[in-house]
Amino acid sequence: MAKAVVTNSSRKAQAEPLPVEFANTLSAARGCTVEGLGSPADLEAWLWRHRDLFPDPGPLREETALRASEQQLSHACVLRDAVRRLIAARVDRKAPHPWDIAHVNRASGMSQAWPVLVWQGTRAPGADSLCTADAVTHALSLIARSLVVLLAGEQGALLRSCRAPGCVLFFYRHHPRRAWCSSGCGNRARVARHQARHCADNRK
Ligand SMILES: [Zn+2]
């Protein structure tokens, strides 16, 4: 497959769980792999766009705090690829690679956060959060933890990979009848099935 670096566009209204959205930063279009994390700016923009999916937005509350380095981009892509392989192993009921598990577990422990009390004068008290790492590292750590919870829980059984021709995305089966990552993929799969039947009939 050729590799094209373009920004991932939003493909559907309903968001997948956080680790699935992260896995889907690698997609495909017209036979080419589409890298959604092509630059540190792509990573920053992706994290900011998906901040509502994080269990504890904490350090992600301010866009200005999200500054990714090239090294963090590499780390994000390596983590993303490990997440993809682990989700695929869960979907296909195959044995995972120990390296991928080790990588996710290491990322999970890279940052710790805790709540702090913010209370000035006679104003109502509020809560903020502090963490041991910068916002980007913390966000990647939260993604790894979300994957651990998803794969180890009952919801892991509802993960699917899209079987539409050429699609490499994963999705969470929110609804029993959901068979594709998007309605566009459902339509393409129906067209492909129709064409295959048409060719088979012509050969008879
Ligand atoms: Zn699809």
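Helix α4 (residues 98-108) and helix α5 (residues 135-152) have axes that come within 7 Å of each other and cross at roughly 125°. This is a predicted model, in which local features need pLDDT of at least 70, side-chain atom pairs count only at pLDDT 80 or more, and totals for chains, interfaces and linings use all residues. Residues are numbered from 1 along each chain as its sequence is written. Axes are lines fitted to C-alpha atoms, for helices over the stretch in contact, and angles run from 0 to 180 degrees between N-to-C directions.

The crossing of α4 and α5 is left-handed, meaning that the near helix is turned anticlockwise from the far one by less than a right angle. On the α4 side the contact is made by V104, A107 and S108, and on the α5 side by L140, S141, A144, R145, L147 and V148. Two residues are in contact if their C-beta atoms, placed from the backbone, lie within 7 Å. The contact of α4 with α5 comprises 6 nonpolar, 2 polar and 1 charged residues; Ala, Val, Leu, Ile, Met, Phe, Trp, Tyr, Cys and Pro count as nonpolar, Asp, Glu, Lys and Arg as charged, and the others, Gly among them, as polar.

Helix α5 also packs against α3: their axes come within 11 Å and cross at roughly 5°. Helices α3 and α5 are therefore roughly parallel to each other. From α3, the contact draws on Q72, H75, A76, L79, V83, L86 and R90, and from α5 on V136, T137, L140, A144, L147 and L151. The residues of this contact of α3 with α5 divide into 9 nonpolar, 3 polar and 1 charged.

A152 lies in helix α5. Its C-alpha atom is separated by 9.9 Å from that of R90, 62 residues away along the chain.

Most residues other than glycine have a negative phi. R30 is found in the loop between β2 (26-29) and β3 (32-35), and R93 in the loop between α3 (70-91) and α4.

| Residue | Other C-beta atoms within 10 Å | Class |
|---|---|---|
| R30 | 8 within 10 Å | exposed |
| R93 | 7 within 10 Å | exposed |
| A152 | 10 within 10 Å | exposed |

The protein chain as a whole has 6 helices and 7 strands, running from the N terminus as β-α-β-β-α-α-α-β-β-α-β-β-α. Its C-alpha trace spans about 85 × 35 × 35 Å along the principal axes. Of the 204 residues, 29% are buried. Among contacts with a separation of 6 or more, 61% join residues 24 or more positions apart.

How values were computed: Helix = DSSP H or I, 4+ residues; strand = E, 2+ residues; numbered from the N terminus. Buried ≥ 20, exposed ≤ 12 C-beta atoms within 10 Å, placed from the backbone. Parallel < 35°, antiparallel > 145°, perpendicular 65-115°, else oblique.
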